[in-house]
Amino acid sequence: RIPFALGQYRFAVGAYQAAAGDFQRAADGLSGVAKEEALCRRGAALLGAGLTEEGISQLKDVAGRKADRPVRARARFLAAQAEWKRGKAGRAARLLEGLMKEENDFTLPALALYTRALRSSGRETEAERRFNELLERYPESGEAEEARRTHFLKGETETGIEYFVQIASFR
């Protein structure tokens with residue numbers, strides 16, 4: 001448990017590369033859901049350290065395992081968000097499609113990002129359908145407000161989603 005706690009601390013203070021090492025050491029000594037959680041956090045730390053390819057790969061690995069559903073959802077969302085940030089809207093959309101199938105903690109921010117990714121990928125009809133779904137399911141949310149404000153803008157970053165991930169990723 002010490003490497004995991006140290007990883008949490010280092011992540012919180014912005015020492016992402018060191019946190020990634022701590023989470024890997026924690027994962028090596030854990031099994032089951034705890035191991036998957038450590039690996040997911042390692043992926044997030046790698047992204048924070050600027051090791052985008054390695055971070056996305058780690059997160060996709062966790063998302064593809066038979067991990068705990070919330071851990072899989074978080075890993076998939078973080079990987080999609082990283083793809084979006086580096087301008088790979090199509091890849092982000094494909095990752096987010098899996099999150100649209102079941103209700104989870106990331107359904108709302110994933111739907112908002114998915115709408116933007118679809119629009120940036122030229123899938124306007126599907127983007128419009130998802131935009132309307134977002135407004136109907138979550139009319140009072142910050143994501144819906146942001147979607148209304150930027151409805152016709154393309155390629156803009158979802159800053160509201162970034163803050164949500166920071167809060168929801170590490171409860």
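Q: What is the mean pLDDT of the protein chain?
A: This is a predicted model, so confidence comes first. In the protein chain, 87% of the residues reach a pLDDT of 70 or more. The chain's mean pLDDT is 86.

Q: Which element of the protein chain has the lowest mean pLDDT?
A: At the top end sits helix α2 (residues 16-28), with the highest mean, 97. Over residues 152-171 the pLDDT is below 50, though this stretch has 44 contacts in the model beyond near neighbours in sequence. The lowest mean, 43, belongs to helix α10 (residues 159-168).

Q: What is the angle between the planes of Phe-4 and Phe-23?
A: Phe-4 is in helix α1 and Phe-23 in helix α2, 19 residues apart. Phe-4 counts as buried because its relative accessibility is 8%, and Phe-23 is buried too, at 0%. Their rings are 5.5 Å centre to centre and edge-to-face, a class that needs over 60 degrees. The angle between the planes is 70°.

Q: Which residues make the nonpolar surface patch of about 290 Å²?
A: One member, Tyr-9, lies in helix α1 (residues 2-12). Tyr-9 counts as exposed because its relative accessibility is 53%. The patch is made by Leu-6, Tyr-9 and Val-13.

Note on methods: Residues numbered from 1 in each chain as written. Predicted model: local features only at pLDDT ≥ 70, side-chain atom pairs only at ≥ 80, totals over all residues. Heavy atoms only, no water. Patch = residues over 30% accessible without salt bridge, like charges linked within 9 Å, V, L, I, M, F, W, Y side chains within 5 Å. Areas by Shrake-Rupley, 256 points an atom, 1.4 Å probe, with all protein chains shown as cover. Salt bridge = Lys/Arg side-chain N within 4 Å of Asp/Glu carboxyl O. Helix = DSSP H or I, 4+ residues; strand = E, 2+ residues; numbered from the N terminus. Buried < 20%, exposed > 50% of the residue type's maximum accessible area, 1.4 Å probe, protein only. pLDDT = per-residue confidence, 0-100. Contact = heavy atoms within 4.5 Å. Phe/Tyr/Trp six-rings, centres within 6.5 Å; stacked < 30°, edge-to-face > 60°.
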